[in-house]
Structures are given as structure tokens and as C-alpha cells.
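Here is a briefing on one protein model. Look over the sequence and the structure, then read the points below.

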Amino acid sequence: MRFRPELHGSYGAVSSTHWLASAAGAAAFERGGTAFDAAATAAFVIQVVEPHQNGPGGEVPIVVYDAATEEVKVICGQGPMPSAATVSAFRERGLAEVPGSGLLSACVPGAFGAWMRLMQQYGRLPIADILAPAIGYAENGYPLLPQAAIMIHALASLFREEWTESGATYLDGGRAPRPGARVRNQVLAQTYRRILEQACARTSNREGQAEAALDVFYTGFVAEAIDTFMATATPIDSTGMRNAGFLTGADLAAWRPTVEDPVSLDYRGYLVHKPGPWSQGPVFLQQLALLEGFDLRAAGFGSADHIHTVVECAKLAFADREAWYGDPDHVEVPLAALLDPAYSAARRALVASTPSGVLRPGRPDGRTPWVPPLATSSTPPWASDRLAELGDGFPEIVRLTTSAGDTACVSATDREGNMVVATPSGGWLKSSPVVPGLGFPLGTRGQMALLAEGHNNALAPNKRPRTTLSPTLVRTEDGKPYLAFGTPGGDQQDQWTLNFFVDHVDFGMSPQQAVEAATFHSEHMPTSFTPRRSRPLGVVVEEGIPEPTVTELRRRGHDVRIAPAMSLGKICATGPGSVGGVLAAASPRGEQAYGVVR
């Protein structure tokens with residue numbers, strides 16, 4: 001069943017997780033902008049209209065294809081942990097894990113810097129044009145998404161009594177706004193305006209203004225506000241205690257986004273590009289390397305053989321993520337060995353007719369893998385009395401602010417052949433209190449680092465935690481631009497987008513058909529969010545997967561859970577059209593992702 005048409009245009013295409021962002025991005029084409037301008041415009045709007053999914057205090061990986069140079073690059077908008085953040089500093093607080101909310105897990109905010117770096121290096125429009133739609137929605141209001149309204153309602157008591165700056169930002173007279181209510185964030189609008197005014201006062205040069213905006217954010221009034229807040233605030237967090245954080249203005253001043261080469265793999269004649277192992281991106285490539293040896297088309301879409309094979313390959317790839325991934329600027333990640341055809345063949349041989357319930361990382365180059373045991377609780381023993389005292393719904397708030405956050409996505413392609421895709425995330429309204437005077441919270445991505453010294457993803461000063469954020473850019477075998485796509489979904493991002501890509505390449509679906517096809521994922525691997533959990537034989541399938549397939553999967557030993565139809569992911573994709581022009585595909589899941597073409 002088709003829900004939406006695949007969109008084709010002649011000038012440019014944008015697909016994102018919010019219709020207002022897609023429309024704003026498409027309008028950038030009307031002003032003479034490129035895919036890069038369209039993506040950045042959409043992304044800043046998403047920071048305003050999806051505050052429960054991302055914000056300026058969060059992070060983003062951006063993958064770009066520059067038609068002028070025919071190169072693919074990754075802009076890393078994942079900031080590192082503060083210089084004072086050490087394993088011992090957390091252990092001294094009685095913690096077995098980095099908390100999932102509050103200030104202890106704050107990294108250097110990377111999202112703003114990454115988008116400014118994109119504008120400086122690849123953009124065509126002035127940054128005033130890029131920020132104008134976001135400022136407009138923050139000042140004049142936007143309709144609140146139902147999921148955001150539900151979250152604010154659940155957090156209302158916390159916002160009223162503890163995170164009062166969040167209450168001033170998100171509550172209306174102390175009450176949670178209804179779904180669809182017009183919501184404004186005047187303080188955030190003023191933050192954008194001050195950055196813009198100060199950057200433009202320094203120079204009239206477009207590239208110079210983007211660089212100046214970076215300086216204003218990371219050494220100017222934004223950094224100063226964050227430094228003051230972090231030095232004085234001790235908000236309650238998911239431990240049930242009041243904890244100050246480690247982040248300082250000096251940490252912000254020391255960081256700038258980097259432009260890196262992608263990690264790449266050929267799959268059935270397509271060149272697939274991902275961010276490096278500071279993300280979970282290479283796990284997508286490892287799954288493809290394993291699936292290369294199976295004839296999925298012969299198995300048939302939605303069959304037990306199809307789902308079993310993909311799930312068992314995912315288990316092997318994600319086990320390697322748990323053992324080996326980390327910030328390559330700080331640790332040695334055996335990436336070449338993990339993607340070596342001989343290694344993939346040996347791992348592929350482990351796929352049996354029955355499911356594995358054991359996490360089985362491999363031995364690239366003969367190395368011995370190590371996956372630290374999961375912590376049993378993120379709450380220190382001495383906090384139990386405090387949790388009992390909280391009352392008034394706060395135990396539920398502790399649970400909510402600990403659970404996994406979510407992500408947004410924006411993809412854009414233009415008639416020149418430029419492509420860009422990004423998955424902005426972090427700085428969620430539920431994860432950390434709003435910084436006074438700025439209108440946005442800080443991120444909590446540090447929760448993905450492990451308090452296990454010696455592990456590749458061990459927490460360390462100035463080191464990036466290994467994240468789940470993972471956009472994908474694909475070229476044809478001769479290097480031509482083909483598809484740029486991503487989805488919200490935490491650990492499931494590289495399962496749902498893998499299914500989309502396999503549905504397109506192996507099963508011959510169009511991008512829009514593949515976006516809407518029933519999907520599934522494994523819950524075998526530990527989640528990256530605190531508290532880490534796993535369901536070793538667990539598989540989740542959407543309604544729409546045939547009942548005989550579910551029966552057969554259960555007979556083989558999979559623990560299958562049925563999710564509602566059209567509930568897993570919000571894949572957004574753009575690319576050149578097959579007969580010229582551009583195309584956009586967007587998932588109808590959640591009724592908020594839309595594509596727009598010009």
C-alpha cells in the first residue's frame with residue numbers, strides 16, 4: 001500500500017523530519033541557494049520546532065557530496081567530553097554509568113559549529129538568510145507537535161519545581177501547552193539574533209561571517225553564559241541527586257568542528273559513505289559486507305529467511321561496535337580489518353539457521369575483544385533515600401529523563417549534483433535544564449561513553465563519546481551522486497536505514513516504496529543510552545510483516561514483538577532523479593516528515 005507519492009523536481013529537493021523545516025529549506029533554493037544552504041536552513045528550523053528531538057546545545061554529523069570537487073566529506077559536530085571529565089571523577093560520585101540527564105553528561109555543543117562550518121566551506125547564501133526562518137518561528141511561534149506536548153506534560157512538575165528555566169521556556173503560565181498550540185521561544189530567537197548581529201558587525205564577507213559566528217558561540221556571550229551556568233548550577237538529574245557538571249567556557253573555546261574523510265564500502269555496485277567510528281556509522285558498512293554473501297532477493301522480501309539473515313548479520317556487526325568503536329583521535333580502531341573481505345567472510349560463516357543469543361564480537365587482526373559488563377543501575381546506592389523523598393511524580397521524572405532521546409534528520413540535493421544529509425540530535429528539552437539567557441539545554445551525549453578504563457569507548461577528557469548518529473550518503477560505482485538518507489531512532493538508525501537501502505537495492509523498490517515498506521530491528525545489542533539494556537533474542541517487527549513469517553521466526557527461536565504498523569523510524573531521503581532532476585522521499589510515520597521539491 002502506498003501512502004505518499006515519490007516527489008520529483010528539476011531544481012532542488014529537501015526531506016526532513018518536520019514539514020516546516022522542509023519548506024524553509026526548499027525556500028532557500030528560491031534565493032539561489034544550494035543543497036548545503038537548504039539543509040542548514042532546515043536544520044536551524046528543526047532546532048526550534050523539534051525541541052524534544054534536538055537543539056543548538058546538541059550534536060550532528062553532516063555528510064556532504066560536493067559536485068565541484070566530486071568529494072565526499074564528513075563534518076563532525078560531535079563535541080568532546082570536558083577536560084575535567086575523567087572516569088575517576090564519576091566513580092568518586094558512586095556512579096557506575098554516566099547519567100542520562102543533567103549536567104554531568106554534557107559535551108561541548110557541536111551542532112551550531114558544524115552547521116556554520118558547512119556554511120563557511122560549502123554554502124552560497126549569507127548566514128542571515130540561513131537563520132531567518134528559525135528566528136521567525138522562535139519569535140512568532142509554531143504548532144507544537146503531539147509528542148513534544150506529551151513530553152512537556154510529563155515533565156511539567158520538574159519544570160515548575162526544579163528546572164525552572166525550562167519551565168519559563170516550555171510552560172504557559174506554569175501549565176503544559178496542548179498539542180498544536182502555538183509555542184514561542186523568544187530567548188532562543190534573541191540568541192540567534194545576537195550571534196548574527198555580532199558576526200555581521202565584524203565583516204560583510206559571507207565566509208568570514210560564518211567564522212565570526214563560530215567565535216561568538218564558542219568564545220563570546222554563548223560560551224560565557226554556559227560557563228556561568230555550569231559553574232553555579234546543581235540541578236537534579238537522573239541519579240536523583242543534584243550534580244554540577246564539568247563543562248567550561250575553556251572547553252568550548254578549545255573546540256572547532258573538523259572536516260574528515262568518510263568510511264566507505266562498495267555494495268552491489270554502490271559506494272556507501274558513513275561517518276567514522278566516533279559514530280556508529282561503520283556498523284552499517286559491516287552489515288552490508290556480511291549481507292553481500294547472501295542472496296536476499298531470492299529469499300523474498302518479508303520472508304523469514306530475509307529477516308533472519310539481516311538480524312543475525314546485525315548482531316555480529318553491532319557486537320563489533322560494542323568491542324571496537326571509539327574516537328580514533330584517542331584510540332586505535334581496527335577499521336580496515338573490520339571491513340576486510342576475509343574478516344567479513346569468516347564472520348558470515350557464524351550465521352546459522354537458528355538465532356544467536358550471545359554477543360559475539362570478532363577478532364580483527366587477531367586482537368582480543370572486550371565488552372565491559374552492563375551496569376545494573378545508573379542510580380548510586382546512596383541515592384535511594386533521596387529518590388524516596390522526591391515524591392510528587394519525581395520518580396517518574398527520573399525515569400523519563402533517563403530514557404533514550406531521539407533525533408531529527410535533514411537531507412537535500414540540488415540540480416548541480418550537491419548532496420548533504422545530517423542527523424541532528426541532543427540538547428533535548430527532557431535531558432537537561434535550559435541555560436538561562438540562551439533558550440536551549442545542553443546535550444547529554446556523554447552518557448554513551450563507558451566508565452571502563454582501557455576500552456575504546458572509555459570516557460576520557462577531550463574525547464568524543466561513540467554516538468548513535470549515522471547519516472548515509474551513496475554514490476554510484478562511477479562516483480556519481482545517488483542517495484542521501486537518514487532517520488531518527490538511536491541504536492536502530494543503522495538497522496532501519498539498512499532495511500531501506502536493502503529494500504531499494506536488493507528488492508528493487510523505489511526510494512518512496514522503500515521508505516514505506518514494513519520494517520524490523522534486533523534488540524540483541526546493548527543500547528547506547530543510559531541505562532543500557534538488551535534483549536538478546538529480541539526482534540521487533542511492524543504490523544505488515546506476514547503472519548507466517550512471524551510464526552516461522554518464533555519457531556526458529558526469535559523472541560518476536562509486534563510493533564504497530566508504520567511506527568518504526570522516520571526515514572528521509574533525497575537524491576538525483578533517475579531521469580534527471582531531483583527526488584525526495586519521506587516516511588509517513590509520525591505524520592511529520594515531509595519532502596519538498598522545486
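Where does threonine 468 lie? Threonine 468 is in the loop between β11 (419-422) and β12 (472-476). Helices (H or I, at least four residues) and strands (E, at least two) are DSSP runs, numbered from the N terminus.

This is a predicted model, in which local features need pLDDT of at least 70 and side-chain atom pairs count only at pLDDT 80 or more, while totals for chains, interfaces and linings use all residues. Residues are numbered from 1 along each chain as its sequence is written, and side-chain values use heavy atoms, with hydrogens and water left out.

**Confidence**

- pLDDT is the predictor's confidence in each residue, from 0 to 100.
- The mean pLDDT of the protein is 94. In all, 94% of its residues reach 70 or more.
- Over residues 380-398, pLDDT stays under 50. For this stretch the model has 35 contacts beyond four places in sequence. Contact means heavy atoms within 4.5 Å.

- Buried means under 20% relative accessible area, exposed means over 50%, and partly exposed is in between (1.4 Å probe, protein chains only).
- Threonine 468 is buried, with a relative accessible area of 0%. Leaving aside residues up to four places away in sequence, threonine 468 touches Gln280, Arg445, Met448, Gly490, Asp491, Gln493, Ser528 and Phe529.
- Serine 425 is also placed in the loop between β11 and β12. Serine 425 is buried, with a relative accessible area of 0%.
- Not counting residues up to four places away in sequence, serine 425 touches Gln53, Asn54, Gly58, Glu59, Asp406, Thr407, Arg445 and Leu469.
- Serine 425 and glycine 490 are 65 residues apart in sequence. Their C-alpha to C-alpha separation in space is 9.4 Å.
- Aspartate 320 sits in helix α14 (residues 304-324). Aspartate 320 counts as buried, at 1% relative accessibility.
- The contacts of aspartate 320 are Gln286, Tyr325, Leu338, Tyr343, Arg347, Pro361 and Gly362, not counting residues up to four places away in sequence.

**Aromatic rings**

- A pair of aromatic rings is described by the distance of the centres and the angle of the planes.
- Rings of Phe, Tyr and Trp (its six-membered ring) pair if their centres lie within 6.5 Å. Planes under 30 degrees apart count as stacked, over 60 as edge-to-face and the rest as tilted.
- How many aromatic pairs does the structure hold? There are 20 aromatic pairs.
- One of them joins tyrosine 11 and phenylalanine 29, and this pair is edge-to-face. The centres are 5.9 Å apart, with 65 degrees between the planes.
- Tyrosine 11 lies in the loop between β1 (7-9) and β2 (12-16) and phenylalanine 29 in helix α1 (residues 19-30), so the pair ties together parts that are 18 residues apart in sequence.
- Tyrosine 11 is partly exposed, at 24% relative accessible area. Phenylalanine 29 is buried, at 3%.
- Tyrosine 218 and tryptophan 255 form a tilted pair, 5.4 Å centre to centre and 55 degrees between the planes.
- Tyrosine 218 is in helix α9 (residues 206-219), and tryptophan 255 is in the loop between α11 (249-253) and β7 (258-260). This pair links distant parts of the chain, 37 residues apart.
- Both tyrosine 218 and tryptophan 255 are buried.
- Phe44, Phe112, Tyr192, Phe217, Tyr218, Trp255 and Phe440 make up one aromatic cluster.

**Charges over rings**

- A charge sits over a ring if NZ of Lys or CZ of Arg is within 6 Å of the ring centre and within 35 degrees of the ring normal.
- Arginine 4 lies over the face of tyrosine 594, at 4.0 Å from the ring centre.
- Arginine 194 lies over the face of phenylalanine 221, at 3.7 Å from the ring centre.

**Backbone**

- Most residues other than glycine have a negative phi, and most peptide bonds are trans.
- The peptide bond from threonine 530 to proline 531 is cis, with omega near -5 degrees. Proline 531 lies in the loop between β14 (520-522) and β15 (538-542).
- Glutamate 70 is not a glycine, yet has a positive phi of about 60 degrees. Glutamate 70 is in the loop between β3 (60-66) and β4 (71-77).
- Aspartate 365 has a positive phi, near 55 degrees. Aspartate 365 lies in the loop between α16 (341-348) and α17 (384-390), and counts as exposed at 62% relative accessibility.
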